[in-house]
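Welcome to the tour. Please open your viewer and have the selection tool ready.

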Amino acid sequence: MPAVSKGDGMRGLAVFISDIRNCKSKEAEIKRINKELANIRSKFKGDKALDGYSKKKYVCKLLFIFLLGHDIDFGHMEAVNLLSSNRYTEKQIGYLFISVLVNSNSELIRLINNAIKNDLASRNPTFMGLALHCIANVGSREMAEAFAGEIPKILVAGDTMDSVKQSAALCLLRLYRTSPDFVPMGDWTSRVVHLLNDQHLGVVTAATSLITTLAQKNPEEFKTSVSLAVSRLSRIVTSASTDLQDYTYYFVPAPWLSVKLLRLLQCYPPPEDAAVRGRLTECLETILNKAQEPPKSKKVQHSNAKNAVLFEAISLIIHHDSEPNLLVRACNQLGQFLQHRETNLRYLALESMCTLASSEFSHEAVKTHIETVINALKTERDVSVRQRAVDLLYAMCDRSNAQQIVAEMLNYLETADYSIREEIVLKVAILAEKYAVDYTWYVDTILNLIRIAGDYVSEEVWYRVIQIVINRDDVQGYAAKTVFEALQAPACHENLVKVGGYILGEFGNLIAGDPRSSPLIQFNLLHSKFHLCSVPTRALLLSTYIKFVNLFPEIKTTIQDVLRSDSQLKNADVELQQRAVEYLRLSTIASTDILATVLEEMPPFPERESSILAKLKKKKGPGTVTDLEEIKKERNSDVNGGTESTPVNASTVALPDSPLQGSLAELVTGPRPRPSRLNSSRLAIHNLQTGVPCLFKGFFTSEEHSGFWLISLNTSLLSVCMASELNIQSTPSPSADLLGLGAAPLTSSAPPPSSTGSLLVDVFSDSASVVAPLAPGSEDNFASPDLASSEVVSEEPADTVHDADELIHKFVCKNNGVLFENQLLQIGLKSEFRQNLGRMFIFYGNKTSTQFLNFTPTLICSDELQSSLNLQTKPVDPTVDGGAQVQQVVNIECISDFMEAPILNIQFRYGGTFQNISVKLPITLNKFFQPTEMASQDFFQRWKQLSNPQQEMQNIFKAKHPMDTEITKAKIIGFGSALLEEVDPNPANFVGAGIIHTKTTQIGCLLRLEPNLQAQMYRLTLRTSKETVSQRLCELLSEQF
């Protein structure tokens, strides 16, 4: 063991540390530590009082043991006692122990605070420094509350020593960062600013850090610091390295203070005072001039300090953006760093130049370095530097160099790192669109982008090219020809197939006059890619095929053969199977005029901002990509699952007029005219919610037309109806659109159908649902009688209704699930509601291996309910085989508000025994809710209007389920109302709004749910314009919590 000298002070501590280091195993170390802990504990509990030296020694041992990773559960009081010692070393060990081992919840915190207050009041600079260090190290809210008022007084006191001022400033900074609400702004704020003129540069450095943080939150309070900071900065940058001897770092005077002052100035705009502004400009010019001087030392510390000040000065120049001369000089200085051998300097130069490129004064200067940046993109070894080079190319791009930059980025994309490919794809797509002078170049660029990096081309990219092609007639023919040629490659990316399928489906007739791109060749080319694609792409191609039936009647038979094949009609994927069945049926029974109307060319999209910008902004984060504007998406959602998208409400990205004129005639023999339509109005196919079996789901739609034809599919039924756009802004519902009811129903406000609409309804009458896939050639079996009238009778059920209320409450906030189940029968439900209309699919499953005979389900409604609810159903097969399932469709119309639910009575024979089952059908008033968004002011204004006692219903009840916030939100949304965020002053409360739609009237509804977690209680308040509605909704919703 090495000898311990006399000067080491605590011999026992040195011996203990030496013993620990000499331990040969972990077990030996633990044994030695336990022995020492037992010795220390006996010393602390002994009758003999310990002197200060012994306490200090043992507390140091405990601290060392704690730092080795062992828990310490005693000795805290002895450490607190050391704080009252007048010896520096003992007080120092006490504060060190407390800073490390005492937490803010300790019972000793009051004693510690008293000891700290005594040291702060002692005016002994050494003791004050120890106390301030302890406060900063702990930094708890309790410390802030106790000392945040005293520390500013110490900081600005005239008799406080410089070292204490430094500690006080940094301690106050620490407390402000952890608990800003406990640091009051007062008279001391104006006095602390004058510390920037202090003679001691350490005080100035600490004060600058404090003022910079405070000025970010309270800029007006510290506005006077600007002139003082400029004055101090001027004195530093004009001084020689020998003037500030103690604060000169490798021949750079006070680099840390200079950087902090420059950051402080970035909290404010350029100084208004001409003298201060001129002096600041001189400082910045001096810093730029010094950067050009030969280095005074070859050591890296000198260049690091010098460049730190330079880059912070450039950041200030960019922040002010008011001095063209300085901006250009900064750009030139950064340009020299682009080829520097130090990687970090190249990275910082590229990053700073990205910001400079957004300034009108320096943009042209940045563009002069384009070749250097392109070279960096090709040769740089560090991927982070290459990424910054891509950012800079994107920032410096304009109309004059767009084609060069896009070409270079496309070339680099082929060998780019996988981590940045998606970002490069987004930037290329944005630049190609933003600076497209010739839209043929834009189409070529996007198709080339898909070819090179198809896996990284998001849906937003190819959606956008489709939108632009549809909106510009002059590029449609060229786009059709280009994608046709691109699809002839042996290997095509799936995104290219999507674009080709859509464009040829819409504009294939424009190139059909060329024998090389005849209709049959177009179809065969697309169909050759069919089996290699995913299900969504194949679904889109099926929609292209039905479009071809309209565009090219001569290949109708070929397409029907494809649709009729077993691989389509019996496809394992229900989406593809349903599309094939319905498209085949549509092409079989519809006349040419009907096809021309239903399959009409898509109307132009409303001009909107590119969604690619939003994706890039989300990927890069706010404030990191230049020239990006906020993109706001608003969506209207149908009640209980159906979703109808509305266009983005944003400003349009300006696109220049295309000079493409007459070039199509040179490419093709001549376009083929589209088939004639029934009328000249622009008709669109409604795009139902993603995931729902529906017609033309893969195609875009124009969603802003106030009236349009939509094709809604009821499993495999085709019906065409006229719909009007919903005017009520609504919120999404969590339930899915399972039955294809995403289309809007006929409403009382909709205009009457035209003669065209009548013709369509006559041709496409509702047909029976198909239980199993049809065999080839059996598509004629689709024709079947209309839905029969409901077997609704006014009588009571023969036996007790099973779990009536429990089943109703189970389905209040959801639409799908198992309604009833016993050992014989399972009844499942899938339902969809929109405004006052709904459709419910009831599935009856035979769980046995024996047939059900005389199977008769009947809906039973009271006389009162019959006047409020119109139900139509279709009879089911009276025989249900063992293990089989049959389906019944119930069409629902809400005439007026109602209280009770209809009863479903099922009678059948099983094994010679008569079975009679009755259950309540979960058709409740809230199913006809339309969620409504409203602002806080509108909500409370409407709340006051519904203040009559008969309009309000309130219920206070005990929570039946765990009070989980997210589950509560989901239930309120599932109930049908919109969940209004940040409306109630109490953030723990839940507020909702909506409209109950009936055929005769619309009833506004406001709700407020107030949870009490401590009492496990809720208070639910509902206000509507009708007393019975308030009562019924309150009953239904209360049972959910």
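Buried here means under 20% relative accessible area, exposed over 50%, and partly exposed in between (1.4 Å probe, protein chains only). This is a predicted model, in which local features need pLDDT of at least 70 and side-chain atom pairs count only at pLDDT 80 or more, while totals for chains, interfaces and linings use all residues. Residues are numbered from 1 along each chain as its sequence is written, and side-chain values use heavy atoms, with hydrogens and water left out.

Start by selecting Phe548 and Phe552. Phe548 is buried at 0% relative accessible area, and Phe552 is buried at 0% too.

Now look for ring pairs: rings of Phe, Tyr and Trp (its six-membered ring) pair if their centres lie within 6.5 Å, with planes under 30 degrees apart called stacked, over 60 edge-to-face and the rest tilted. The whole structure holds 24 aromatic pairs. In one of them, Phe44 and Tyr58, the ring centres are 6.1 Å apart and the planes stand at 85 degrees, so this pair is edge-to-face. Phe44 is buried, at 16%, and Tyr58 is buried as well, at 7%.

Next, select Tyr844, Phe852, Phe855, Phe908 and Tyr910, which ring pairs link into a cluster.

Move on to Arg41, whose charged end sits over the ring of Phe74, 4.2 Å from its centre. The criterion is NZ of Lys or CZ of Arg within 6 Å of the ring centre and within 35 degrees of the ring normal. Lys814 likewise lies over the face of Phe811, 5.4 Å from the ring centre.
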